[in-house]
Amino acid sequence: MATQVTTPKPPDRRRKLRLGWVLVLAFVALSVVPLVLILAYGYRRNQAAITASLDDQLERDAARNIHQVAELVDGVATAIALVGSAVEANPSTFRGDQGDSVIWRAVATVPQIDALYVSFEDGHHRVVSRIDDERRKSDPRIPNGATWHASYIDDFSVGEARSRHRRFSAVWPQLLDGSYAVPTTLDLRTLPHYIGAKTSNRLAIADPAINPDTGFPIMALGWPVHHGGAFIGFIGANMTLSSLSSYLRDHRFSPRSVTVIVDDAGRAIAHPDPAATGRVSGGTTELPRVTDLADRRIAEALAHPARPRGGHFRFTTSSGEQLAVASEPFPAAFGKNWQVIIVAPTADFVGVLEATNRDVFALIAVAVGLALVFIVLLSRYIARHLGRISQQFVSARRMSFPGDSAPRSVIGELSDLEGGFALLQNALSSFAKFVPSDVVSQFIESGQPVTPGVQQREATIFFCDLEGFSGHAENLTPDRLLAQLTQYFATMTGAIAEERGTIDKFIGDAVMAFWGAPTATEDHALRACTAAIRASRRMEKLQAAWRAEGHAAMNVRIGLHSSSVLIGNIGSPERLSYTAIGDGVNVASRLESMNKTFGSSVCVSDAVLSALRGRGIARPLRLVQVKGRRQEFMVYELLAIRGTEDPELMPRPGDEALVALSTKAVELRAAGDLAGASRAYTELLGQFPDDRVTRRLLTELDAASA
């Protein structure tokens, strides 16, 4: 009987899902059907979301405009308050020409101030104002080239001879020819903001009005002035609203939107077009009502019955245009019943969405049909090549490397994958001859490489080193030198780390660090100065300990400068260093070395002191010009930090007096009074005989005088 030989039945591959069909079905199930539903649903949801976002953005934009007005008013109020303090301290100064410079400085500092004036109860009045083309047109007697006007009015005691004395300057305080005086009966005490400041004893803001000299709207502010407990006058300022109009013009909410500020009488206080805020009526210029504006949308929005006092709404104009409107009142603390009105066509936001959705629905059917055909062909092609690679992986797991002469894919990624796996097979095959196969089977993961690159950052650069380190190093044993250096570096790095500074590098006995990177911080200057004071005072204690042990003490010298520098990974792809480069780094290094010249411990630039915003206690040393820079700047010795109870940072006895006398000496020297500066330094040395900084500055000044 013959034996029946049976052949094993091959596995039924038809019962398994193929990659090609999986890709096709996945595309249809996960893309085509949801896409159609999402487009239909998204159209309405996007329209609702855009309109809702539009309302929210309108409210934020209105609040931002209110904030801008408040900032402009605060700037003017601060300026007149500062001048008021000066008047209260010495009223007689503002009855003479010396007071004009104080007034001019306030006007020049705040660009929105058109004129600032001091008026006394006895009628004496002084004013400094800008001269522009509109003001020049109003008075043909203004000299050509004049940019500043200063005048004063006699007090009431001169009677009928009371006059206004006008003077003009191109560059303050140099006077131009063309000064003149005209009789006047002007009584500043009748001004609304004068009366308001006097009666309320606080800042008074008058209603906006048209400046008769320029034809543009202004808002007047008044600040009361007292002396000896009695009201003696006020400080007034005319604030131009043209800067606000420019802001509204440059910050349109949408391409066809318009933003205006109106008062409770319906007058346009500010408009993107400055010319729109002034109109001629009865031969005089006045603020227009919104009903007089060329853009009728604003008037319709204000007159619409659905308009709330504050908030937003939408409506359709008489011309059929759909508008979104935000109406936001100014806060009660502002003292004026003003509103910000923003009118924006909704088509600016949803019009593109509507057109896009129509086009998308028209194209989606064609795109889906073509995509289905393409995905079927592509999925079969990809599945074939991926299946081959899958078989190669299975072979590699068994450490079996059969040769494969099949052609590679024309798709770059697949071809690279096939070629890369072929290289891997060759490497594994070769490596398997040297090490066990189970070791070869393990996978090694690697991260992304670090590449060179820098960013521009606002930072404060810190340099420090030890005074006379080279000489001390020659006289110390290696062990003693290492011990002192270790204590010194521990002190420096500890102070830097406590203030979250980034240590860049160690250069011999020098340390370079910076604040402001890799994490940007607004108070980088304060942190750097705090670290410098801590390090300096801790080094004083360390030096005392060295002396007590009979070792040489080495003073620390620190330099700080705030500037915009480049910070990042610098070097080659093989070797990188995270560091800072730029002019600011060079200046900080120069400041550190200047301690040797002045005998100081912590030298900072005027940029650092300005960034401290009054927190730093520092005495001015001298104007310097570092190598590589043309412009001079003031160098200060940082002594302490204000507004802290940390004993390591608090001012020491005599610091404030040291700063005051040093400032006086520097001012005298800057004014060319070298003899006066020498006397000031001598007085300073008399109070602080051990101050080597003053001694060196005095010696330097005496040499310059000789």
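**Burial and strand S24.** A residue is called buried when its relative accessible area is under 20%. In this predicted model, strand S24, which spans residues 633–641, is mostly covered by that criterion, since 9 of its 9 residues are buried. Strand S22 (residues 602–605) pairs with S24 in the antiparallel sense over 3 bridges, and within this pairing Cys603 has Glu637 of S24 as its bridge partner. Strand S23 (residues 616–624) also runs antiparallel to S24, to which 8 bridges join it; here the bridge partner of Val624 is Phe633 in S24.

**The chain as a whole.** This overview gives the setting for the close-up views of the predicted model. The secondary structure of the chain comes to 17 helices and 24 strands, and of its 706 residues 42% are buried. When contacts between residues at least 6 apart in sequence are considered, 59% of them join residues at least 24 apart. The chain exposes about 37800 Å², and carbon and sulfur atoms supply 55% of that area.

Strand S19 (residues 510–515) is largely enclosed by the rest of the structure, because 6 of its 6 residues are buried. In a regular strand the side chains alternate between the two faces of the sheet. In S19 both faces are covered, with Ala510, Met512 and Phe514 buried on one side and Val511, Ala513 and Trp515 buried on the other. Strand S17 (residues 453–466) pairs with S19 in the antiparallel sense over 5 bridges, and Phe462 stands opposite Ala513 of S19. Strand S18 (residues 502–507) likewise runs antiparallel to S19 and is joined to it by 5 bridges, with Ile507 having Ala510 of S19 as its bridge partner. S18 and S19 form a hairpin with 2 residues between them, and Gly508 in the turn has a positive phi of about 65°.

Strand S3 (residues 148–153) is mostly covered, with 5 of its 6 residues buried. Strand S2 (residues 125–130) pairs with S3 in the antiparallel sense over 6 bridges, and in this pairing Arg126 stands opposite Tyr152 of S3. S3 is also joined by 6 bridges to strand S4 (residues 163–169), the two running antiparallel, and His149 has Phe168 in S4 as its bridge partner.

A search of the whole structure finds 11 aromatic pairs. In one of them, the rings of Tyr194 and Phe231 have their centres 5.9 Å apart and their planes at 90°, so this pair is edge-to-face. The pair links distant parts of the chain, for Tyr194 belongs to helix H4 (residues 192–200) and Phe231 to strand S9 (residues 230–240), the two residues being 37 apart. Tyr194 and Phe231 are both buried. Another edge-to-face pair is made by Phe330 and Trp338, so classed because their ring centres lie 5.7 Å apart with the planes at 80°; Phe330 and Trp338 are both buried as well. Tyr117, Tyr194, Phe231 and Phe234 form one aromatic cluster.

The C-alpha atoms of Val69 and Ser243 are separated by 9.6 Å, although the two residues are 174 apart along the chain.

**A charged side chain over a ring, and two buried cysteines.** Arg95 lies over the face of Phe120, at 4.2 Å from the ring centre. A search of the whole structure finds 0 disulfides. Cys464 counts as buried because its relative accessibility is 1%, and Cys529 counts as buried because its relative accessibility is 0%.

Conventions. Residues are numbered from 1 along each chain as its sequence is written. This is a predicted model: local features need pLDDT of at least 70, side-chain atom pairs count only at pLDDT 80 or more; totals for chains, interfaces and linings use all residues. Side-chain values use heavy atoms; hydrogens and water are left out. Rings of Phe, Tyr and Trp (its six-membered ring) pair if their centres lie within 6.5 Å; planes under 30 degrees apart count as stacked, over 60 as edge-to-face and the rest as tilted. Helices (H or I, at least four residues) and strands (E, at least two) are DSSP runs, numbered from the N terminus. Buried means under 20% relative accessible area, exposed over 50%, partly exposed in between (1.4 Å probe, protein chains only). A charge sits over a ring if NZ of Lys or CZ of Arg is within 6 Å of the ring centre and within 35 degrees of the ring normal. A disulfide is a pair of cysteine sulfur atoms within 2.5 Å. Contact means heavy atoms within 4.5 Å. Accessible areas come from the Shrake-Rupley method with a 1.4 Å probe; for residues, only the protein chains shown count as cover. Two strands pair if DSSP finds at least two bridges between them.
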